[in-house]
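Hello,

I am passing on a structure for you to look at. Please open it first, and then read my notes below.

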Amino acid sequence: MADPFGFLKYPRKENPYRPVAERITDWQELQEPLPASERQEQAARCMNCGIPFCHTGSFYGGQRTVSGCPNDNLIPEWNDLVYQSRFQAAFERLAKTNPLPEMTGRVCPAPCEKGCTEALNGSGVTIHDNERFIIDTAFENDWVRASGEPQAATGFKIAIIGSGPAGLSAAWRLNQLGHQVTVYERSNRCGGLLMYGIPNMKLDKTVVQRRIDLMAELGVTFLTNIEVGRDISAEELEAAYDRVIISTGASVPRDLNIPGRSLTGIQFAVDYLTAATKEVLNHGKAANESLAGKHVVVIGGGDTGNDCLGTAMRQGAASVRQLEITPQLPPQRLAGNPWPEYPMTAKIGYGQEEVATVLQEHTYHSISTTAFVGAERGQVIGIETVKVDENFQPISGTEQVMKADLVLLAMGFLGPETHLLDTFNVREIYDDYTTNNERVLVAGDAKRGPSLVIWAIREGRLAAEKVDQSLRALIYQ
């Protein structure tokens, strides 16, 4: 490393968040990037650690959360290049593994930083922000286009169903390898989760569209408002293309089938966030008052729930409360959760921070919702809750009713919509993304279930390389 003692010289400094009072008035991105000079100092904090745990994703000790980068990004190498002001070389090194770093540099929870050797006794290197700096600098200098220029055309045609992170990653890599790629998207815009599942303040949609536009210029064909199985059949796709990659994500949300579920005013979080993003895209980035005077309850304590909190604040809600059935996590690592495992500790999300400006108590742990309460016309007006013990059993005497004009179900996803797999007669999905149908592969959340954007990017890239390998083998048969 150019400065192996940088971690001792420079304190960790993340891209600062805009003041809460300012950011809740608009849908602009939450953070303001540091200037290049300060980003170089942060890159200098990358240690000469010998064994970089950051760039290999591992599930330590049976934990369900990965620590380290699942995509095998060459993190110490591009950190060093940033420190040396070799920004284009840093981009080229980053682009070897990550086709979409502008997405992960904004929305990834950065398990790489949790596995960083410096995090053993410190707070880890700002890998996430460094990555964003590299790719934003690359776009500013028009280096990205050259990295995606296709190789000699192979003549093979591939259809990709779904344009989320896995689909875009696969499309970028396949086009880069010289194949003719067509992406089918049933929504009105491409991007999937990146476009509609993540709010604009976390991932500005111009960033997503910039990548899609560049891919189109480089030769990828995007077809929107087309649902496979309805507007075009599986048989037609298999006849027209040499391979098909299904990358439709894990889009089936977990429901809460309790009394009153049929009342109006109860929505899945993904539908609510999609509608909010469409409003931003259609009417601009100023906050609105669509929830003025309304009391919102979000059921689910994960990132999607946090996004709902921030979105409802920007829509002028009178109150926003979040319910989570699991206990509050500890403020520090417990003995059974040592580094380099992902730290199972409490954190305050941006949405929770924003709600805290108007509500002292806003997030409730160990709470189960037992029923929805409705008015005569069938509109939800409240929820019945009860506290639960460590076994999620109700604690007698803790029942209460909470006011709610809008309830958002943010309890995660169960998996992919299976009808598309059935349409292609896919009964088994193998570890290498192939299936029992030799012409069809599956990648991303459609294969592994709900997971991180970086997992989807990795799987899209590897599925593309598997397709390339199998098709090129046909040439020599």
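How far apart do the C-alpha centres of domain 1 and domain 2 lie? They lie 26 Å apart.

Before the rest, a word on the source. This is a predicted model, where local features need pLDDT of at least 70, side-chain atom pairs count only at pLDDT 80 or more, and totals for chains, interfaces and linings use all residues. Residues are numbered from 1 along each chain as its sequence is written, and side-chain values use heavy atoms, with hydrogens and water left out.

The protein chain is divided into domain 1 (5-146), domain 2 (151-252 + 414-476) and domain 3 (255-411); these bounds come from an automatic or database domain assignment. Where domain 1 meets domain 2, 28 residues of domain 1 are in contact with 25 residues of domain 2 (contact means heavy atoms within 4.5 Å).

Contacts also tell us about the whole protein chain: of those between residues at least 6 apart in sequence, 71% join residues at least 24 apart. The C-alpha atoms fill a box of roughly 70 × 60 × 45 Å along the principal axes. Of the 477 residues, 52% are buried, meaning under 20% relative accessible area with a 1.4 Å probe, protein chains only.

As for secondary structure, you will find 19 helices and 15 strands in the protein chain. Both are DSSP runs, numbered from the N terminus: helices are H or I with at least four residues, and strands are E with at least two.

Enjoy exploring!

How values were computed: Buried means under 20% relative accessible area, exposed over 50%, partly exposed in between (1.4 Å probe, protein chains only).
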